[in-house]
Amino acid sequence: MRNKSDPRHAARKLSMASIFCWLFSETDEEACKLLSRDLLEESEVDTDLTNTIIEGVKTNNDDINRIIETCAPEWPLDKISKVDLVILRIAIYELKYHKQTPQKVAIDEAVELAKEFGNDTSPKFVNGVLGTVVSYLEKENE
């Protein structure tokens, strides 16, 4: 389990809550970020990482969704738990676009978020899809 005061983990949690909020509600992005920060009660957050992830997922959402559809074809996007979907989007953004995050860290963080916010099957599902994504991205880059 992550240290509760890890600013980078807190940034991912805040990113997840904010993205969830603006993807599935009528609230604007900045209001979602403020609401999420209040609800999560995180004191130390890597704000730059939070903003990078949120903007990166927003900008690359169509490509990220295409990757999910390719790597989990038996799971249409509308059938994936909304929390799991946001966690996958963040991890795929980090794996494909945010090269500063090592693969293992992106996957470990996603699994931790799935344990904390998903259902009983979320960690296994997220880990399995991301394993397929890593293989897919490696082939895409050959």
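Residue I107 lies in helix α5, which spans residues 103–117; helices here are DSSP runs of H or I of at least four residues, strands are runs of E of at least two, and both are numbered from the N terminus. The model is predicted: local features need pLDDT of at least 70, side-chain atom pairs count only at pLDDT 80 or more, and totals for chains, interfaces and linings use all residues. Residues are numbered from 1 along each chain as its sequence is written, and side-chain values use heavy atoms, with hydrogens and water left out.

I107 counts as buried because its relative accessibility is 16%, buried meaning under 20% relative accessible area with a 1.4 Å probe and protein chains only. Apart from neighbours within four places in sequence, I107 contacts N127, L130 and V134, a contact being heavy atoms within 4.5 Å. The C-alpha atom of I107 is 9.9 Å from that of I87, 20 residues away along the chain.

I87 also belongs to the packing of two helices: R12, S15, M16, I19, F20 and L23 of α1 meet K82, V83, V86, I87, R89, I90 and E94 of α4. These residues comprise 8 nonpolar, 1 polar and 4 charged, where Ala, Val, Leu, Ile, Met, Phe, Trp, Tyr, Cys and Pro count as nonpolar, Asp, Glu, Lys and Arg as charged, and the others, Gly among them, as polar. Helices α1 (residues 7–23) and α4 (residues 82–96) pack at about 120°, with axes 10 Å apart; axes are lines fitted to C-alpha atoms over the stretch in contact, and angles run from 0 to 180 degrees between N-to-C directions.

Overall, the protein has 6 helices and 0 strands, and 47% of its 142 residues count as buried.

Definitions and conventions: Buried means under 20% relative accessible area, exposed over 50%, partly exposed in between (1.4 Å probe, protein chains only).
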